[in-house]
Amino acid sequence: MKHTITLVPGDGIGPEISAAMRLVVEATGVDIVWEVREAGADVMDKYGTPLPEHVLESIRRNKVAIKGPITTPVGKGFRSVNVALRKELDLYACLRPCFSLKGVKSRYTDIDLVIVRENTEDLYAGLERMIDDDTAESIKRITRRASRRIAKFAFEYARAEGRRQVTAVHKANIMKCSDGLFLESVGQEAAAYPDIEFNDRIVDNMCMQLVQKPENYDMMVLPNLYGDIISDLCAGLIGGLGIAPGANIGEESAVFEPTHGSAPKYAGQNKVNPTAIILSSVLMLKHINEREAADRLLNATARVIEEGKVVTYDLGGQAGTRQMAEEIAGKLTG
Ligand code: NAD
């Protein structure tokens, strides 16, 4: 079956890791037509916006996209294209599986966690303002609808993937209204899934627990900001951002992207690890029902990392982005 997929290469290291991903996905033999659409700082001059309508139109039509990271100016300039994309397409669920791969140096060897992050509200809604020159405020908006929707996604995923437990992460002891509503809503949804163990942790304690006893946890469901922070913590547990994949999923469409950002200091050097976007493409292949190709690509990537001969700097090797991708592609076609 032929699939048409929107490819947004992004900026910084985005174009080189996207090219690497494309190479290995094509090596699986799955019939894909890539509709390449540019977004980010580089298209601002041409279109007057970092997220031109034709990018959204392409994703709405194809329903599936994969993207490289896009830089967001800090403290000033345009608002995050990544956040805008998730909001515009209502990609409410951010799914980030975090699992150990053999051959990756890490203090932890047996991590198998899944992060489900609410993607549309919380402090990411951008409801902030300067009250006067010396005072700023941000509004943390949490709704029952979005909280129940993300909880349902988490429990449905747990059931479909045979996971045992879902932990709601919050700070409801301090933010009794907003995080309190999130916790209450997840609890209400949990009642419909008696087969899945449900518990909750305060976010600061969760950080310590994940570092000390990650084996006690299975899946986490979190509001947007805690989800962002815990995602990087979990990426650290498995050996770094270079191997942490992700997906943004809505009712209508899905956009797959690595957890990491555009790492501008490495842009154009053929240096960074393509694994995170390649594992994101594994999630994408599963999503479009190319499960056998997804498994082959996952195995080929895991083998190259375990062998440790043609891997990037962050995995202790000297290979470039493209060389590592070629090695993975070779395992698929050879
Ligand atoms: P980052 O993830 O880009 O980089 C942090 C560090 O992680 C890098 O310096 C590098 O050491 C390491 N790293 C990241 N990706 C790697 C890879 N593939 N291989 C090896 N090492 C890797 O985070 P940052 O520096 O905080 O953000 C840079 C820019 O990216 C910012 O503008 C930020 O807004 C943006 N960003 C975009 C997304 C997205 O597009 N979804 C996500 C996060 C950050």
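**View 1. Shell around the ligand in a predicted model.** The shell residues divide into 8 nonpolar, 9 polar and 5 charged. Here Ala, Val, Leu, Ile, Met, Phe, Trp, Tyr, Cys and Pro count as nonpolar, Asp, Glu, Lys and Arg as charged, and the others, Gly among them, as polar. In total, 22 residues surround the ligand, each with a heavy atom within 4 Å of it. Ile 70, Thr 72, Gly 261, Ala 263 and Asn 273 are the closest. Because the model is predicted, local features need pLDDT of at least 70 and side-chain atom pairs count only at pLDDT 80 or more, while totals for chains, interfaces and linings use all residues. Numbering starts from 1 along each chain as its sequence is written, and side-chain values use heavy atoms, with hydrogens and water left out.

View 2. A polar contact is a pair of N or O atoms within 3.5 Å. Asn 82 places a polar side-chain atom 3.0 Å from a ligand oxygen atom. The side chain of His 260 has an N or O atom 3.3 Å from a nitrogen atom of the ligand. For Tyr 313, the distance from a side-chain N or O atom to a ligand nitrogen atom is 3.1 Å. The ligand taken alone exposes 810 Å², and the protein buries 70% of that (Shrake-Rupley method, 1.4 Å probe).

**View 3. Helices H9 and H10.** H9 (residues 275-287) packs on H10 (residues 291-307) at about 160 degrees, with axes 7 Å apart. Axes are lines fitted to C-alpha atoms over the stretch in contact, and angles run from 0 to 180 degrees between N-to-C directions. Helices are DSSP runs (H or I, at least four residues), numbered from the N terminus. The pair is therefore roughly antiparallel (over 145 degrees). H9 passes H10 in a left-handed crossing: the near helix is turned anticlockwise from the far one by less than a right angle, whereas clockwise is right-handed.

**View 4. Helices H10 and H11.** H10 and H11 (residues 321-333) pack at about 125 degrees, axes 9 Å apart.

Key:
A polar contact is a pair of N or O atoms within 3.5 Å; within protein, one must be able to donate a hydrogen and the other to accept it, and residues adjacent in sequence count only if both atoms are side-chain atoms. Helices (H or I, at least four residues) and strands (E, at least two) are DSSP runs, numbered from the N terminus. Angles under 35 degrees count as roughly parallel, over 145 as roughly antiparallel, 65 to 115 as roughly perpendicular and the rest as oblique.
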